[in-house]
Amino acid sequence: MMEKKIVLITGASSGIGEGCARKFAMNGYRLILNGRNVEKLNAVKKELLEKYGADVYLLPFDVRDRQAAHAALESLPEEWKAVDILVNNAGLVIGVDKEHEGNLDEWDIVIDTNVKALLAMTRLVVPGMVERGRGHVINMGSIAGDYAYPGGSVYCACKAAVKALSDGLRIDLVDTPIRVTNIKPGLVETNFSVVRFRGNREAADNVYKGIRPLTGDDIAEVVYFAAAVPEHIQIAEVLVMPANQATGTIVSRKQNLYKDMINFLFGVLLLTGSLLAQNVCVSTPKTSLVLSAPEGGTLRHLYYGNRLSEADLQNISAAEANHAAYPEYGLNAPVETALAVKHA
Ligand code: 8X3
């Protein structure tokens, strides 16, 4: 009988990491699960044991703490040391600040987690793979690494670094059987956005409004596929998005009828109260529209208050439309930041 493979997953207590743990567990792998939240890790372990009889070893530590990572890996019992697959999944982002306005301490956390911790884990685990002549490193990149987007510059830079680290490692290991994969998810509904919006759940929920986002389990399907294909096949990189997402900023969202009605009534109210409104001049490639929006209004006010169709919105110059489609803000974006507007 083939020996069961060992997969080590960082950030396994929730989201994509938890999804990966579930997928590998149901396929008979032995799991080393890392995370910071011991209680959540225990809950995942319990579920995987009850549902799949999985063999799970918990290795809680903060991936940013290089010494703790080293000590934890050293502490693994002999029968758990030969890691076959390293899923470098732990990652986060805090805030949607502009590059010239954000908090450098928060960005230290973001860079340390997404880049330096991934590198440290690779440095700790891969030499053993090289010695054993087998292994697979699966890094969690992101669509964010392909193109920068508003308010995402540090996170996008980190995920671009994950791509470069994956490509570099693949080059450095080219004369070995070890495979390196970079998975680049688009919109995935996890706790990720709650952390990004510093705990503001409503703002986080808005990211996924009107679209069916992917789940951690969906990404786990792709991670598992990359791991399970025959060993002469190296899935180098996968970009995976919901059906209605095209790029990091272009997403098609469906409105719901009930909400449309409320918004329409809201628009009527806005029009009747137009005395209180400011006039806003929106430039399109062909013409300039003078529209009304209340002081401090949002794109939603502009959109519904002026009966702008989606097509109108799309006609507003490409960069502006990108802003409008930008999922973090959607229709709740303040008029002034959603569109390049001038007060008429
Ligand atoms: C997370 C995906 O779209 O928020 O890596 O950048 S996105």
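**Spaces and a helix face**

Tutor: By class, the residues lining the largest pocket are 19 nonpolar, 20 polar and 7 charged. Please keep in mind that this is a predicted model.

Student: What makes a residue part of the lining of the largest pocket, and which residues lie nearest its centre?

Tutor: A lining residue has an atom within 4 Å of a point of the pocket. The largest pocket is lined by 46 residues, and nearest its centre lie Gly91, Leu92, Thr190, Asn191 and Phe192. Helix 1 (15-26), helix 4, helix 5 and helix 6 (192-196) are the elements that give two or more residues to this lining. Helix 6 provides the largest share, 4 residues. The space in the pocket is about 890 Å³.

Student: Why is the other kind of space called a cavity and not a pocket?

Tutor: A cavity is a set of points where a 1.4 Å probe fits but cannot get out, whereas a pocket is an open set. The search of the whole structure finds 2 cavities of 30 Å³ or more. About 70 Å³ of space lies in the largest cavity.

Student: Which elements give two or more residues to the lining of the largest cavity?

Tutor: They are helix 4 (104-132) and helix 5 (153-172). Helix 5 gives the most, with 3 residues. Among the residues of the lining are Val93, Trp107, Ser153 and Tyr155.

Student: How is the lining of the largest cavity divided by class, and which residue there counts as charged?

Tutor: The division is 7 nonpolar, 4 polar and 1 charged. Asp counts as charged, and Asp97 is in the lining, so Asp97 is the charged residue.

Student: Turning to helix 3, which of its residues are called buried, and what does the term require?

Tutor: Buried means under 20% relative accessible area. In helix 3 (residues 66-74), Ala69, Ala72 and Leu73 are buried.

Student: How do you know that these buried residues line one face of helix 3?

Tutor: Seen down the axis of helix 3, they fall within an arc of 95°, so they line one face. Their cover includes strand 1 (6-9) and helix 4.

Student: What makes Gln67 and Glu74 exposed, and where do they lie?

Tutor: Exposed means over 50% relative accessible area. Gln67 and Glu74 are exposed residues on the face of helix 3 turned away from its buried side.

Student: Which atoms of Asp65 and Gln67 come within 3.2 Å at the start of helix 3?

Tutor: A side-chain oxygen of Asp65 reaches to within 3.2 Å of the backbone nitrogen of Gln67.

Definitions and conventions:
Residues are numbered from 1 along each chain as its sequence is written. This is a predicted model: local features need pLDDT of at least 70, side-chain atom pairs count only at pLDDT 80 or more; totals for chains, interfaces and linings use all residues. Side-chain values use heavy atoms; hydrogens and water are left out. On a 1 Å grid over the protein atoms alone, a cavity is a set of points where a 1.4 Å probe fits but cannot get out, and a pocket is an open set with protein on both sides within 12 Å along at least five of seven lines; lining residues have an atom within 4 Å of a point. Grid points are joined across faces, edges and corners, and a volume is the space filled by probe spheres set on the points. Buried means under 20% relative accessible area, exposed over 50%, partly exposed in between (1.4 Å probe, protein chains only). The arc is that of the directions from the helix axis to the C-beta atoms. Contact means heavy atoms within 4.5 Å. A polar contact is a pair of N or O atoms within 3.5 Å; within protein, one must be able to donate a hydrogen and the other to accept it, and residues adjacent in sequence count only if both atoms are side-chain atoms.
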